Amino acid sequence: MKAQILTATHPLSLVVWDEKSQTICLPHGVHLDFGGVAKGWAAHQTVERLKEFGSVLMNAAGDIAISDSLANGQPWQIGVKNPFVKETDFETLNLNRCGVATSGKDRRHWKQNGLARHHIIDPYTAQPAQTNVVTATIVAPTVMEAEAAAKAVLILGSEEGLKWIEADPVLAGIIVLENGHTFYSQRIFEYL
């Protein structure tokens with residue numbers, strides 16, 4: 001599908017930001033959902049406030065912030081969910097000071113006019129991303145970076161997404177495709 005550029009009549013182009021009053025005006029029918037980015041930020045803030053008391057891991061519905069290794073010096077073990085088999089992990093990550101997040105189209109999805117839809121929106125089309133990626137799990141220095149990168153990889157698709165991860169020396173990732181295949185970045189093997 002060819003990307004479409006938003007036109008002046010598209011509802012998202014009518015969002016108005018007033019810098020002086022620090023407000024956003026939305027047109028009728030447009031809603032903002034800060035679930036993804038707000039969860040990561042909240043996890044990060046929690047870890048920042050609690051790390052003086054010891055090693056902290058905060059899991060905000062899959063957006064995970066980690067302050068340091070466990071008290072015994074061992075890494076935290078984080079399961080990577082299998083998007084095709086509920087309640088099972090297919091990998092375990094061994095992590096210390098970092099953030100990890102998974103974005104996917106496997107949980108929040110629906111049918112609209114007979115078309116499969118999901119909640120990850122392509123900013124070029126303002127529609128659910130057309131992608132062969134089911135889930136993207138990213139390890140990054142912070143959970144906010146991991147969350148943003150996971151969404152970017154999902155939107156980019158598996159091949160471009162993997163190239164993008166590999167080009168950034170602070171990212172590592174696992175990409176699960178619709179056909180069940182899995183792509184691993186080179187750096188992710190440091191955590192397996």
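Exposed here means a relative accessible area over 50%. The model is predicted.

**View 1. Ala61 in the loop between β3 and β4.** This loop connects β3 (57-60) to β4 (63-66) and contains Ala61. At 62% relative accessibility, Ala61 is exposed, because the value is over 50%. Ala61 is not a glycine, yet its phi is positive, about 55°. Most residues other than glycine have a negative phi.

**View 2. Gln22 in the loop between β1 and β2.** Gln22 lies between β1 (16-18) and β2 (23-25). Its phi is positive, about 55°, although Gln22 is not a glycine. With a relative accessible area of 53%, Gln22 counts as exposed.

View 3. Helix α2 covers residues 143-156, which is 14 residues. At 1.5 Å a residue the helix should span 20 Å, and its end C-alpha atoms are 20 Å apart, so the two values agree. The buried residues in α2 include Val143, Ala146, Glu147 and Ala149. Ala150, Val153 and Leu154 are also buried in α2. Gly157 follows the helix and has a positive phi, near 95°.

**View 4. Cys25 and Cys98.** Cys25 is partly exposed, with a relative accessible area of 49%. Cys98 has a relative accessible area of 9% and is therefore buried, the cut-off being under 20%. A disulfide is a covalent bond between the sulfur atoms of two cysteines. The structure holds 0 disulfides.

Note on methods. Residues are numbered from 1 along each chain as its sequence is written. This is a predicted model: local features need pLDDT of at least 70, side-chain atom pairs count only at pLDDT 80 or more; totals for chains, interfaces and linings use all residues. Side-chain values use heavy atoms; hydrogens and water are left out. Helices (H or I, at least four residues) and strands (E, at least two) are DSSP runs, numbered from the N terminus. The expected span of a helix is 1.5 Å times one less than its number of residues. Buried means under 20% relative accessible area, exposed over 50%, partly exposed in between (1.4 Å probe, protein chains only). A disulfide is a pair of cysteine sulfur atoms within 2.5 Å.
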